[in-house]
Amino acid sequence: TAASAGIVRGLALPCSTAGRQSWVLSLLSSQRTPIARRVESWLPGDGGLLQRGFGHCERAGPLPTGPDTAVTPAALGLIGQAWVDGVARVGSGAAVAGNAFVAERQGVGLDAVLVVPVTAEGTVGEVVALHF
């Protein structure tokens with residue numbers, strides 16, 4: 001039903017609260033107006049590294065995931081900073097993704113990012129990056 005209405009992508013993020021309430025932020029988009037040019041989720045890996053849990057780029061398609069994508073938080077720029085301190089980030093230019101995956105980002109026109117840490121009970125368990 002959603003596809004017949006033109007909705008082809010969706011992203012849902014849990015929003016934690018101090019109380020017992022549960023909230024979810026749902027973002028829906030059409031083929032012509034995607035949520036972002038690229039959406040990624042970064043999760044904890046072995047040895048303090050972060051690894052991509054999922055990723056989709058409107059130009060490049062599905063992105064590599066799993067242990068082969070593991071890098072230090074510092075190598076991920078704003079994504080790594082949000083992981084470390086649990087504060088959402090917005091940025092553009094060189095700060096967007098640090099020095100990791102430079103070749104992967106070249107040619108896809110990613111100029112800015114919104115990074116959202118997903119927390120539970122005050123602990124960051126995932127970071128979602130929306131690239132524009």
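Is Glu-58 buried, partly exposed or exposed? Glu-58 is partly exposed, with a relative accessible area of 29%. The model described here is predicted. Six strands form an open antiparallel sheet, and the salt bridges come to three.

**Sheet and helix**

- The strands of the sheet follow the order S5-S4-S3-S8-S7-S6.
- Strand S5 (61-62) and strand S6 (89-92) are the edge strands, each pairing on one side only.
- Eight bridges join strand S7 (residues 112-120) to strand S8 (residues 123-131), in the antiparallel sense.
- Within this pairing, Ala-120 has Thr-123 in S8 as its bridge partner.
- Helix H1 (residues 78-85) lies across strand S3 (38-44), strand S4 (50-57), S6, S7 and S8. The helix runs at about 155 degrees to S8.

**Salt bridge Glu-58 to Arg-9**

- The side chains of Glu-58 and Arg-9 meet at 2.8 Å, N to O.
- This pair links distant parts of the chain, 49 residues apart: Glu-58 is in the loop between S4 and S5, and Arg-9 is in strand S1 (residues 9-15).
- Arg-9 counts as partly exposed, at 29% relative accessibility.

**Salt bridge Glu-40 to Arg-52**

- A salt bridge joins the side chains of Glu-40 and Arg-52 (2.8 Å, N to O).

**Salt bridge Asp-85 to Arg-89**

- Asp-85 and Arg-89 form a salt bridge through their side chains, at 2.7 Å, N to O.
- Asp-85 is partly exposed, with a relative accessible area of 41%.
- Arg-89 has a relative accessibility of 18%, and it counts as buried because that value is under 20%.

Terms used: Residues are numbered from 1 along each chain as its sequence is written. This is a predicted model: local features need pLDDT of at least 70, side-chain atom pairs count only at pLDDT 80 or more; totals for chains, interfaces and linings use all residues. Side-chain values use heavy atoms; hydrogens and water are left out. Two strands pair if DSSP finds at least two bridges between them. Helices (H or I, at least four residues) and strands (E, at least two) are DSSP runs, numbered from the N terminus. Contact means heavy atoms within 4.5 Å. Axes are lines fitted to C-alpha atoms, for helices over the stretch in contact, and angles run from 0 to 180 degrees between N-to-C directions. A salt bridge is a side-chain nitrogen of Lys or Arg within 4 Å of a carboxyl oxygen of Asp or Glu. Buried means under 20% relative accessible area, exposed over 50%, partly exposed in between (1.4 Å probe, protein chains only).
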